[in-house]
Amino acid sequence: MEAAEEPGTKSSQAEGEAGSPGPQVPGLHEPRLRAVISLLTRQLVKNLVALVVPVGLISAAVALCGTIGLLLVADWGDPVVDDRLVRFESSAGSAVTALVISMGVMAAHLGLTALVVIKVAGSLLGRPISAGWALRTVARRSGSLLVLFGAFLATGMAVPAIVVVAGTESIWVGVIVAGCVAVPLLWWLPVTVPVVMLEGTGPLRVFPRAWEITRDRRLRMFVHLTVAVVAIPVALGAGLAWPVSLFTGIEHHAAQIVAATVTGVLTTIVQGTALAVVALEQRRPPTGRPDLGSGGLPAIDLAAVADRLSAHRPTPKTRPAVALPLTALTIAALAAPGFIYGAYLHGIPNSSLAVDEQPVLHDVGHSVLLDDGTLITARSDKHHLCSDRECSEISELPNLPGEAFPSVRAAKLPDGSFAVVQWQAQDGRKPVSEDLNVKLTRCTAEECANSDQDPRLATIPNFFEGDADIAVSTRGILVAVLTDTKDRGRAVDRLRLLRCASVPCKKSELLAELRLPEPNSSGLEPIGLALGAGERPVVAYEDGATGAITLLSCADPDCRRSVTRHPVGPAFFSSSEEAKYFRGAAKYNSGVELVVPPDDRPVLVHRDTRTGTARLLRCRTPACPEVDVLPLTEPDLKMRLANLALGPGGLPIVATIDRPHKRAVLIVCDVADCSRRDTVDLGGYSTDHAGSLDMSVARDGRPRVLWDYRMGAESPYTTFLLTCRESRCGS
């Protein structure tokens, strides 16, 4: 479908005869920017509908193929991040797919720009051509266009590298180099497209020919192309941002895809029209020769181009009966990629999961999520408190010396401050690896109290043997802590349950004490402390050397009566070598997690010492004489300790790593013993470094998972905070 010829344009064959001045287009003989923009605007208005249909249909097809390709790539299965599908790590399949799609989009853009160039040139010179003939011409010039594509691609990779290298010394050097490189590229390389399409120049001649055409008019062409090829498309994209902002959720990101496709179509039309207008620009030379531009240098011969377009071109016909359905089809096609993307997100099982896209922190070491979602991190001898749940800002907590190994142990107090377990050297110096005191310190977002003069809660021989857990009740702060009752002993030999009336703990009350078997060895988090019915304390301890679990169950809040059970017995090894092997695998992976549901029957999660399987143990009664055992994962000695919490309904929720499939998953129990459960995929990883998880269920009932993992053996740890939108996380 074509519009009428532009007024003032000749279309007679005489204009193409030898010796005639060729078609006369006043705007092409006027070098001023205003005249060029005016001519560009008229051509856009005149050819917009005729160009939107072919360019829109082909662009929509490319976008649709790209969207489907990304959704169908092997092992995608990633979570919805801020209502859009995101990969935390790229697999080989997704990387290759993304590369192929990127190359296809760029190649399609170049080919469609060439189509627009030849269509607009025909309109300018009074030789209107059909879209089919233009497509066939692009196909015939595909060899030369492929060479241009390679040149554009190489330039796109080389220029940023040159700018980065130049900018290493000074940012101003980088800016100057960027300007020196960008200026010639904008008045030279783009002109190669109309040279190929309008003159039929071959791949070896196209670059010197474009250089020849732009000589003595480069500054003017740079200004024209910068405005038409760069500024106007940017303005188009910015203009479409407002309607996209009217949508929210998944629809917002689907609308972004539609807007990107429409912007690509309009950008192609504007850039192709601008290239045709600028490349065909003519100035009346002083010599009066039609084949020379300003200064007597060769310009594109309008008469020759007109003759070339006149040969074998079918006469385009305006058919409203065909044009209207094609226009409607084009509009529907442009919306299809976004529609399919949105439908896919609404249809996947975990589409209600929301994940913070940006990493929380880098290389922060050990982290813990409190029940209200507060994040405390520790690395070396420094503790940090995150200002919000996304940890966009952090503050270092002063006056909190002491290592945080094996993990941060803290709890939020009723007044909003924090009780933090602190390991401190006995001689008052900065902590070292031996002879440490365990203390309880109060921290706020601004600082931590100085605890140098406070009494110690326990003594441990080294970090690897110590651990503690905290719970806050109406009667005080409960602390379950390992201690060495032998002064400067080699290993902890007691598990004590203490209660402090306030923090700092000036005086602690001993509620219960367990003598630990010798020899013993602590795991990553060997202690679990929870409150049962009536705020009765329940403490679990796992011996890292044998995997045996001891459960201390108090009958009342003051633990005047208690019972000790052994729900998991010690693992026996046939030889010292076998014991060394399994204990080595469990050293930084073992531990125990403990919760007490409303039915007052404790539930534990631990890692089987001999197989590495994550197992859920549920006591049959509150006193826990027997337990029901449920394996949650497949055997794997590299399996780390899973995380356990209670959902709003009092049912267990477990966050763990599915190592065989390289996924982080959330197991949401449907019943108290978790015999019926749903599994929510939280995301994947591609290396052997699955990392660690921490989980809490905040007061709003939504699970939050802190995933700390490494993308490579030498890479720093990267932390993500994953937040479910509702209590079952879409299961």
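Tutor: Two residues are in contact when heavy atoms of theirs lie within 4.5 Å. The model is predicted, with local features needing pLDDT of at least 70 and side-chain atom pairs pLDDT 80 or more, while totals for chains, interfaces and linings use all residues. Residues are numbered from 1 along each chain as its sequence is written, and side-chain values use heavy atoms, without hydrogens or water.

Student: Which residues does leucine 145 contact, apart from its neighbours within four places in sequence?

Tutor: Leu110, Ala114, Val138, Val196 and Met197. Leucine 145 itself sits in helix H4, residues 142-166. Proline 203 is 58 residues away in sequence, yet its C-alpha is 7.9 Å from that of leucine 145.

Student: What makes leucine 145 count as buried?

Tutor: Buried means under 20% relative accessible area, exposed means over 50%, and partly exposed is in between (1.4 Å probe, protein chains only). Leucine 145 has 7%, so it counts as buried.

Student: How many helices and strands does the protein chain have?

Tutor: The chain has 12 helices and 30 strands. These are DSSP runs numbered from the N terminus (helices H or I, at least four residues; strands E, at least two). Of the 731 residues in the chain, 53% are buried. Among contacts with a separation of 6 or more, 58% join residues 24 or more positions apart.

Student: Why is helix H6 called roughly perpendicular to helix H7?

Tutor: The axes of H6 (residues 192-199) and H7 (residues 206-214) come within 9 Å and cross at roughly 105°. Angles of 65 to 115 degrees count as roughly perpendicular, under 35 as roughly parallel, over 145 as roughly antiparallel, and the rest as oblique. The H6 and H7 pair is therefore roughly perpendicular.

Student: Which residues meet where H6 and H7 touch?

Tutor: From H6 come Thr192, Val195, Val196 and Glu199, and from H7 come Val206, Phe207, Arg209, Ala210 and Ile213. Six of the residues in this contact are nonpolar, one is polar and two are charged.

Student: What is set apart about cysteine 624 and lysine 662?

Tutor: Cysteine 624 has a positive phi of about 60°, and lysine 662 has one of about 55°; neither residue is a glycine. Most residues other than glycine have a negative phi. Cysteine 624 is in the loop between strands E22 (614-619) and E23 (627-631), and lysine 662 is in the loop between strands E25 (652-658) and E26 (663-669).

Student: Why is cysteine 624 called buried and lysine 662 partly exposed?

Tutor: Cysteine 624 has 1% relative accessibility, so it is buried. Lysine 662 has 30%, so it is partly exposed.

Student: What makes the bond from valine 503 to proline 504 cis?

Tutor: Its omega is near 0°. Most peptide bonds are trans. Proline 504 is in the loop between strands E14 (494-500) and E15 (508-515).

Terms used: Axes are lines fitted to C-alpha atoms, for helices over the stretch in contact, and angles run from 0 to 180 degrees between N-to-C directions. Ala, Val, Leu, Ile, Met, Phe, Trp, Tyr, Cys and Pro count as nonpolar, Asp, Glu, Lys and Arg as charged, and the others, Gly among them, as polar.
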